[in-house]
Amino acid sequence: MGGAQSREDLISDSDEEEYEEVNEEEENYQDSKDETPERSSSGRRSKTPSSLDEVEAKLKALKLKYPSDKTPNPSLKHAVKLYLHIGGNTPKAKWVTCEKLTSYSFIKASKINGQAEEEDGEESENEEENGEIWWILKVGNKIKVKVGVEMQLKTFGGQRRVDFVAKAVWAMKFFSDEEYRNFVSKFNDCLFENTYRMESNDANKVKVYGKDFIGWAKPEAADDSIWEDAEDSLKSPQSATPVRANQDLREEFEEAANGGIKSLALGALDNSFLVGDSGIQVVKNFAHGIHGKGVYVNFDHGNQMSASKLVHSAPKKALLMRAETNMLLMSPMTEGKPHTTGLHQLDIETGKIVTDWKFGKDGTDITMRDITNDSKGAQLDPSGATFLGLDDNRLCRWDMRDRNGMVQNLATSTPVLNWTQGHQFSRGTNFQCFATTGDGSIVVGSLDGKIRLYSVNSMRQAKTAFPGLGSPITHVDVTFDGKWILGTTDTYLILICALFTDKDGKTKTGFSGRMGNRIAAPRLLKLTPLDSHLAGVNNKFRNAQFSWVTENGKQERHLVATVGKFSVIWNFQQVKNGFHECYHNQEGLKSCYCYKIVLKDDSIVDSRFMNDKFAVTDSPEAPLVIATPLKVSSFSISSRR
């Protein structure tokens, strides 16, 4: 699958009136790469008797009230034309005219004692006291859907059209610019109210986003100049090779794995690692990807107690340390939840689990939900002994060395990691995920959608806290230089520029100081409604991350995320370009739909770019590695000539 726009840019309106008078055939989306994107339908028109044509012409000349397909019934409020997409991603995929003339409405619905009740929401201001109430969109008798981000609504201002998902993929075309704008405005108001459970008005938006971030609610009022400044900074001699539009993905290797792959641990040196249920497969790193069946490390080596625990609970997190000679493995205590009370340290060179660590503070066992390296390149440090830990309300640094310099007796007791720095927050932070920059600054994503930035020196007080957009942050990443942050939610990715100019005119990041009120609005990365529908209702965005840079002066060039069987790749520079075609005629936050999709036969475990050092001269990017439970594939980004 290629660029997202190839299947859905245009619903052709050329000669639509005549075309539809003759038959009920559907209009097709025109491929954006076609040489004739506005292909005329008039050549298919059936010839009508000339006498009828003459009568029709005379009636029109009299300027009578003469109905046409493009003039809605004046008594029909909120009239639209409704289309349905059929055929999925097959060559026969097309849009069909579902209803030439219908209407939409926003109504409120509440569920009381299992019974659904509705009321007309256009004028009603009633509140439901005995049950939850929400806005739904109703279109004729075909569609009734709760207003939410799950609809994946996409706007086409130039076509007065919106596309969305409601058990199928639909498009509505409006008969006037005013009707189109009114719909988008009302939809956004209903979305705000459904998300935050309060009326959509300026005062409530300030409550939700804060006065410094009001540009997130009103992007047209935000200061986007910092995005342009950041784009200019990419043009320096040290910046990355620019990514061209005609680059393509080429599969280099695909190999079967020894067992069910649960996670992927990419190395920046000689090897990478496929973590499975019963062990770790070591593979070699090459300039065109990872491959080769190397050593297989079974978990039944070394410490038998640790091995038995791992066998019954497969590791969900693998963290490389000490110049990639050691690996920390986290196994959740309960299926479906990430929390654990300890981890296992594997010596890769000997193939043995050497230590079974516990998390503890002040003599009490505690849990962690995630761990990560001290900084982007910390796994390359041969003497590294510390790493970061995260729990729902804890952020800390762990040290595998005893605080008193005493060697712990591993044979008689389970050693406890040393809490060297951190903070236990009061309930309510609901941390979900975190990542580090090149200098060790920390970004943390939360259940309420907030993204907090902590400096390398303090974990107690966030320097900057970006408000949420209503969806939990399930994964977060940050560029090596700390300028850009990428948050993952179930239905979209959020890209944030962390740069700001201080009162002295110096450009800084939100990790080092308070950003003030000149904060750029974020940009969203989304699937089109069609691709979202094809990905499946239960498939969500996971593990979005930048390409992997571990050196100053290098710039990340791509973003990649996983959705079901899709690996989705965005051009980073294209996303940052404010003049990119995706952003034309958009309402609200700028959303980028230009991406490439790699489709696999099975659900994807993880998609990640190899370290930047593996980028070769004829490719602008290091290889992309995609792991499914049974296979691992490597793709290079090449330039078509």
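In the predicted model, a network of salt bridges links Glu 251, Glu 254, Lys 600 and Lys 631. The count of salt bridges comes to 21. Among them is the pair formed by the side chains of Glu 252 and Arg 250, with an N to O distance of 3.0 Å. Glu 252 is partly exposed, at a relative accessible area of 25%, and Arg 250 is likewise partly exposed, at 37%.

The side chains of Lys 540 and Asp 490 meet at 3.8 Å, N to O. Lys 540 lies in the loop between helix H7 (529-535) and strand E37 (541-546), and Asp 490 in the loop between strands E32 (484-488) and E33 (493-497); the two residues are 50 residues apart. Lys 540 has a relative accessibility of 42% and counts as partly exposed, as does Asp 490 at 34%. In the second pair, Asp 612 forms a salt bridge with Arg 557, and the closest N and O atoms are 2.2 Å apart. Here Asp 612 is located in the loop between strands E42 (606-609) and E43 (624-627), while Arg 557 is located in the loop between E37 and strand E38 (558-563), at a separation of 55 residues.

Strand E25 was examined next. This strand spans residues 394-399, and six of its six residues are buried, so E25 is largely enclosed by the rest of the structure. In a regular strand, side chains alternate between the two faces of the sheet. In E25, Arg 394, Cys 396 and Trp 398 point one way, whereas Leu 395, Arg 397 and Asp 399 point the other way. Strand E24 (residues 386-391) runs antiparallel to E25 and is joined to it by six bridges. A hairpin of two residues connects E24 to E25, and Phe 387 stands opposite Trp 398 of E25. Six bridges also join E25 to strand E26 (residues 418-424), again in antiparallel orientation. In this pairing, Arg 397 stands opposite Gln 421 of E26.

For the chain as a whole, the secondary structure comprises eight helices and 44 strands. Of its 641 residues, 52% count as buried. Among contacts with a separation of 6 or more, 58% are between residues 24 or more positions apart. The accessible surface of the chain is about 29,800 Å², and carbon and sulfur atoms account for 47% of that area.

Methods
Residues numbered from 1 in each chain as written. Predicted model: local features only at pLDDT ≥ 70, side-chain atom pairs only at ≥ 80, totals over all residues. Heavy atoms only, no water. Buried < 20%, exposed > 50% of the residue type's maximum accessible area, 1.4 Å probe, protein only. Helix = DSSP H or I, 4+ residues; strand = E, 2+ residues; numbered from the N terminus. Pairing = 2+ DSSP bridges. Contact = heavy atoms within 4.5 Å. Areas by Shrake-Rupley, 256 points an atom, 1.4 Å probe, with all protein chains shown as cover. Salt bridge = Lys/Arg side-chain N within 4 Å of Asp/Glu carboxyl O.
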